[in-house]
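Notebook open, viewer running. Today I am looking up the nonpolar cores, the aromatic rings and a sheet.

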Amino acid sequence: MTSSPALPETTLSQTVLPATMRTSVLLHQQQLTIEDRAVPTPDSDEVLVKVAAVGVCGSDVHYYREGRIGDFVVDSPLVLGHELSGTIVAVGADIDTARIGERVAVEPQRPCRSCRECRAGRYNLCSKMEFYATPPIDGAFCGYVTSQTEFAHRIPDSVSFEAGALLEPLSVAIASIRKAQIVPGSSVLIAGAGPIGIITAQTARAFGAGEIIVSDLVPAKRERALKFGATRVIDPVATDPATLGLDVNAFIDASGSARAVDSGIRSVRPAGTVVLVGLGNPEMTLPVGHIQNLELTVTGIFRYVDTWPTAIHLVASGQVDLDALVTGRFDLDHVAEALDSDRDENSLKSIVYPN
């Protein structure tokens, strides 16, 4: 039996694409609306992704509740959401049509490629960076997004769309662990057992850390940390970690707490490393004399560089479990509930499904 020849994939994809898509738009603080917006057309170097899953990040919550994060201010309508996965449904003129149909996780940034930082391989620090859901660039709480082809990373069928979306916070953890110089046998103290802290604990284990200590104020979160890689947990209210003689190789702050940062710095051995990840007060008082006398390296994390291949491997190989982190699922009409889900201490990671 024979059948009629199929139309080219590009034609098939274009005939099924709608003209508009439902989009969740932040108008003002704690004010969201649904709009019908035009489905974007990919530029010559881009792919069009039908969004499958979007993780809710702490930065989305800050924009929703406070309308800003530091110097990034929401002063016009903004689409939130930058942790995303989906399927390529169309490609730009310069992209091989064989990419259509690929399941992908999107690295949500577009650097300029020509500035000093980009040329040095630090594209995360590009001064002209366009980053999803960072004013004035729209994010992914919508039906379709475009991405430069190299930032749409193919994921295997064994990696769910939910895990594909959460490769973004995993990338933050990978960048942190790399900066902390974690190698097999290392010891690390992580402050905060929220999503980033839990994912960082798993990543530290995957990188071979022998001792992974997690501190958090909430008993339920400490218990959860033990299920996701922590070898020991600390209640920082009952016992200041700085008094325990932890003598760890590295401290990673995923809490944003000034007290946790100070205690963590005092828990690191001479010539150790301190990595600041959490979003807290933009200014803190640090024990500078202690840092100098122990020759500690103190650094920050601002997004990531070339982490998706590692993230995909860690999930596909089973070394990091992202699916187990999902505690809430919401459609586009309930984005406000998704953004407020962090008020429940049992909530860890919420996913929005735009389509």
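I started with the largest nonpolar core, which has 53 residues. I took a core as buried Ala, Val, Leu, Ile, Met, Phe, Trp, Tyr and Cys residues joined through side-chain atoms within 4.5 Å. Buried is under 20% relative accessible area, exposed over 50% and partly exposed in between, with a 1.4 Å probe and protein chains only. Leu167, Leu170, Val188, Ile212, Val214, Ile252 and Leu322 touch the most other members. Among the elements giving two or more residues are helix H5 (167-179), strand E12 (187-191) and strand E13 (211-215); H5 supplies the largest share, seven residues. My helices (H or I, at least four residues) and strands (E, at least two) are DSSP runs, numbered from the N terminus.

A note on the source: this is a predicted model, where local features need pLDDT of at least 70 and side-chain atom pairs count only at pLDDT 80 or more, while totals for chains, interfaces and linings use all residues. Residues are numbered from 1 along each chain as its sequence is written, and side-chain values use heavy atoms, with hydrogens and water left out.

Next I looked up Val188. Leaving out residues up to four places away in sequence, its contacts (heavy atoms within 4.5 Å) include Ile182, Ala204, Ile212, Val248 and Ile252. Apart from this core lies another, of 41 residues, with Met21, Leu84, Ala152 and Leu339 among them.

How many aromatic pairs are there? I found two, counting Phe, Tyr and Trp rings (for Trp the six-membered ring) with centres within 6.5 Å; planes under 30 degrees apart are stacked, over 60 edge-to-face, the rest tilted. Tyr123 and Phe151 have ring centres 5.8 Å apart and planes at 55°, so I logged the pair as tilted. The two residues are 28 apart in the chain, each in a loop, and both are buried. Tyr304 and Trp308 sit at 5.1 Å and 75°, so that pair is edge-to-face. Tyr304 is buried at a relative accessible area of 1%, and Trp308 is buried at 1%.

Last, the sheet. It is open, with six strands in the order E14-E13-E12-E15-E16-E17 and parallel pairing; strands pair if DSSP finds at least two bridges between them. Strand E14 (232-234) and strand E17 (297-300) are the edges. E12 and E13 pair over five bridges, and Ile190 stands opposite Val214 in E13. Helix H7 (residues 219-227) packs on the sheet, touching E13 and E14.

Conventions: Axes fitted to C-alpha atoms, helices over the stretch in contact; angles between N-to-C directions.
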